[in-house]
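Here is a short briefing to read alongside the structure. Take a look at the model first, then follow the points below.

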Amino acid sequence: MASVSLYMRPGTLEEALLSLGRPGAVVVGGGTKVNSASSLEPVVVVDLQGLGLDTIEKVADGRLLLGATASLRRVVESPRVPEAVREAARREEPSTLGNMATIGGCVAGADPASELLATLLVHDALVTSVTKEGERAIELGALLLDPAQLAAGIITSVTIDTDGVTAAVRTGRTVADRPIVAAVARRNSMGERRLALAGVAVTPVSVIAAHDSFDDAIRSLHPPGDFRGSEEYRRELAVVLARRVLEEIG
Amino acid sequence: METTNVDVEIVLNGKRLQAGCAPGETLLSLLRRNGCFSVRYGSETGETGAAAVLLDGRLVSSDVLLAVQAHGHEVTTLESLSGARDELHPIQAAFVESGALQSGYSAGAMVLCTKALLDRCPDPSDAQIRDALSGILDRETGYAKVVDAVHRAAALLRGEKPEPMEPVFVDRLTGEHEPGQDRTVHDEGTTDAVRESGALPRLVRSPEVPHGAVVGKPEKKVDSVRLVKGHPAFTDDIDLRGMLYAKVLRSPHAHARIVAIDDSAALALPGVHAVLHHLNTPRVKYASGGQSWPNPQPWDQVSFDDKVRHVGDRVAAVAAETPGIADEACRRIEVTYEVLPAVFDEVEAISPGAPVIHDEPDTLGIYDAPRNVSHHIEGQTVTDAQLEEAFGRAERVFEETFHVHQVQHTPIEPHVAIGWLDEDDRLVLRSSTQVPFHVRRMLAPLVGLPVKDIRVIKPRLGGGFGSKQEMLIEDIVAHLVLATRRPVRLELTRAEEFAGTRTRHAQTISIKTGVDREGHLLAQDVRVVSNTGAYGTHGFTVNSVSGQHGLSMYNCPAKRYRCDVAYTNRPVAGAFRGYGAPQAFFALESQMDDIATALGMDPIELRRRNWVRSGDPLDIVPRLGERGGVEEIAPEDLPHVTSCGLEECVEQGRRAVGWSRRTDPAWKRPWRRPSIRRGIGCAIAIQGSGIPDIDMGACSLKMNDDGSFNLLFGATDLGTGADTVLAQIAAEVLGSRVEDIVVYASDTDLTPFDVGAYASSTTYISGMAVKKAAQAVRQRIAVRAARLIGTGDGGAVRPEDVELHDRRAWAPDGRSVSLEDVALNALHTEDQEQIMAVASHVSDDSPPPFVAQFAEVEVDVDTGQVNVTKLVTAVDCGFPINPVTASGQVEGCMAQALGYALCEELVLDERGRVVNDRLGPYWIMRADDMPATEVLLVETMEPSGPFGAKSVAEVPMDGIAPAVRNAILDATGVSIGSIPFTPERVWRALRAS
């Protein structure tokens, strides 16, 4: 367990931002990651549960807002959420942890194997965060590449597009295991294609097509290998799985 | 709210609870402090689900939730459902009825999970149930009966009455058929039973087996109510005044000498009461394996050594006022190491130039310490020359090398022990152990106490699978109790479970097999290099069993088995369900399919031409093992197969899995899914039933005033249902009911000796001890009943004519007297006596159970992913005393074996550190991982077992991995010689082909 020196449950965003100014302060949504980390240095837990950031609602331009503290299971159960996102949220954590883990925590955690993050990427996710300087929206892909953009800030929501067709495939040791590599593709209502991969970099990544082909971009990846899959294997999986999801969305 | 020390207010089970706690305290800790013992520790990271509770109606893991996060919320634990003494909530009743609880360690979580699901979804699908259960890892059941329990609970809550949990009878397919049974197999691949529920045991009855009133019935487990109510039944479910908390400092190095230890900073920490290490603890050599006296050598361990031999090896131990202080004290112990070269691979370890792991002068009995060979094992049925001659006669000779890997047991309850000094200054240890009597005897010299001054109590265990057949923490607790004279508790973390307990032996197995033109085996030569890790412990016996069981499967006139057991700097290997047989059968059964492929034969037909049958000798068995090494042995002195249902098992399994689809190209290559290849594989296996002439079980049986009985034995139920099975045996003999047999086990002060739970011995060995004791009690009851009945009208009755049934003693003419009246007469009225008996049992036989296992797979040839879509196990366990608990054992074993085949693997980095010492990275099968499973129990009559019973709990571990491997071969034509079948391994094999 984490060594916790102080617990704070702010009632407003302003209080939360003030709390974050304390040395060792960490933001907790559900606590699945922070609480289970075996930190030796004491942390100050800033629990966001009192901020009312757990709504899931339609917002402008037909986009859907997922509140930062909405639990993954709430996302799974919400009929407003596109089926592919619900399924990715379901797969992200087992039931017990899925009732605790939050959308904001998932974004902040930036797990390289997160199929949910890959799915949010193809749904053009924008992450809204608040700092003392104010509120701003950051593209999820950009945030994953440069997490420092979140420094001293609090994620308040993630908004996504809900239109189009999405397909996801994965390879794992078992059917319920976290993927070694997962590929998610979406064709939006404008006919534009998106592709994202998990398990091929230090975070899930969007793959940008060159001349309408994703192959070269995928083959240029250098996935970090581990005991579940070598660099070579992950790259090959990425090619195969990307091809499948792109075929599926047409 | 902002404070360093927090006042937490929650609504706990409908009542307001205010408590002060540290900000880092988990909700799990707070709940257990407040008497909610149904919430249990499984890990620090929430994956096991053992600590699951409802937070505002949602299932969450309280071990990864801060107590203060629950402030202002409603928390529900299993205790909320506990009503009057005999009352069960419908969900609890469903779990009892379905036999869904084995150890019951996670019962609270499962019941609450069910409640949360059914509250929002009154009639869930299988998929919804498995998704809901995905957060609760169950290492014991295989989930089939848990899913059934949820369906039953849903039906009960809807006001429906579900069908009782009773066996489905399946017609025999071989030999004499028993027509007219109520539900039968129809088409290949499907049965009525399958359509009804995957959890119901399918029973293929044998006319040879006499069926009783209690044995053979799906009696509810004797401990099920206690477990489903979440009562404090487990080792850690007590609080002792003044208890100290122990933590162990473990080695960060794979191989190093401890040059210096400075414990002054640790001892100076307020709240620290003792720091123990090699400089202040007696150096007494021992072997940690829980085995009968004298423990096999080498005795290569001491409680704390001046050398560490694997990452996670013990360095020191601390007892302190809180776990946090103990942790901090461990960090403050300054250890100076001289790091030494390390070796992890078993073949490299015994090669020239490898670092010597056991160079200490005081370990006796290492076979070849300079070469890192802890044991050398060999046995053969013919001379070397005769073996070569047999190979010379063979039409074809096949030589292959296989590798099986290191995996960990992962019982959800970790190793935990609590010790204290009683009022007579005797040392009492309450421990989660499979071998309480062995622990008592082995511990005595380590702490300098006589055996009589040690008492070991085994409460309910939360799973073991062999990892608790070792003395791994009890000596640490004992040392600390004696040093502090305070109660001391030590519970291992999940990471310590992986690195600091025990694992399955990895093996490199080379097999050379000669066959004639028709596929008859002529010669088998098996050479094994086994990896015991840093210490020898079970190295001799596990690796002997590899040869004993592996080379007993088939008749073959010339057999040889040789094994070097290698020390390495890996975490230590030990006993693990199957005990060497799964390793052997992976290699042997894989090669059988390769031979069949080469000969163009059906793999089952090749096996049929060779497998042992009733009356066949088990000729390698006496040449190996504890009492092995016998070179010359007369044929009549060889053990023989005394019961065998293998033919029926194979036919049942073949039909259930749909074996004929192997030749259907449309099924094997589904045209809509071009990257998919389908296949079906099979493997057969045998195990033993106890260790002949060594394993001893004993019990005492005492009659009470009301005609009930106290049954006390030393056998240890790990969750297997052994307590229930032994009660059924007693009830059957005594004409009583299971609920009138009060079971207590085990406690070295109170219960008779038993070797403990291992080697598949409990039903076969301890069960026979119970039967003998019950027969002796029955005899006394008959004498007294004859006298009581004979005093009335109708004349005298001879005791030998008295029968017991329906809780009464009956004369042939129908007169009877109740057992209660017999007991009252014996205890209070006439020629008073305590009717009781003590009995022991040892067998000179170890009849093998047989299993036929089948796997259906889909292989994605582009990614290498193997998806197992169906598993079938047909097992001959003799007469299943309780078909529900027996089938539950098989289901759980299949899940564990499937993990062995597909995904479980203890991975070390180049420095010997476990990379995946957490559940998740170390993946065990979840409810939503498991394929359809089917279990068939094929009855046979084993003459040496109680009511015809043999063992059941280990043999299903043996054939799943080779069955999956052979299914991959059938699907793709590719032979793979190593497990697990991870996607990359399969992908590379496909590419290489």
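How many helices and strands are there in chain A? Chain A holds 9 helices and 12 strands, where helices (H or I, at least four residues) and strands (E, at least two) are DSSP runs numbered from the N terminus. This is a predicted model, in which local features need pLDDT of at least 70, side-chain atom pairs count only at pLDDT 80 or more, and totals for chains, interfaces and linings use all residues. Residues are numbered from 1 along each chain as its sequence is written, chains are lettered from A and ligands numbered from 1 in the order in which they are written, and side-chain values use heavy atoms, with hydrogens and water left out.

**Chain A as a whole**

- The radius of gyration of chain A is 18 Å, which agrees with the value near 18 Å for a compact globule of 250 residues; it is taken over C-alpha atoms, and the globule rule is 2.2 Å times the number of residues to the power 0.38.
- Along the principal axes, the C-alpha atoms of chain A fill a box of roughly 50 × 45 × 35 Å.
- Of the 250 residues in chain A, 56% are buried (buried means under 20% relative accessible area, exposed over 50%, partly exposed in between, with a 1.4 Å probe and protein chains only).

- Strand β17(B), residues 416–421, runs antiparallel to β18(B) with 5 bridges (two strands pair if DSSP finds at least two bridges between them), and Trp420(B) stands opposite Val428(B).
- These two strands, β17(B) and β18(B), form a hairpin with 5 residues between them, and Asp425(B) in the turn has a positive phi of about 60 degrees.
- β18(B) also pairs with β19(B), residues 454–457, in the parallel sense over 4 bridges, with Arg430(B) opposite Ile457(B).

**Backbone details in chain B**

- The peptide bond from Gln297(B) to Pro298(B) is cis, with omega near 5 degrees, and Pro298(B) sits in the loop between β11 and β12.
- Another cis peptide bond runs from Ile979(B) to Pro980(B), with omega near 0 degrees; Pro980(B) is in the loop between α24 and α25.
- Thr410(B) is not a glycine, yet has a positive phi of about 45 degrees; Thr410(B) is buried, at 0% relative accessible area.
- Asp831(B), also not a glycine, has a positive phi of about 45 degrees, but Asp831(B) is exposed at 54% relative accessibility.
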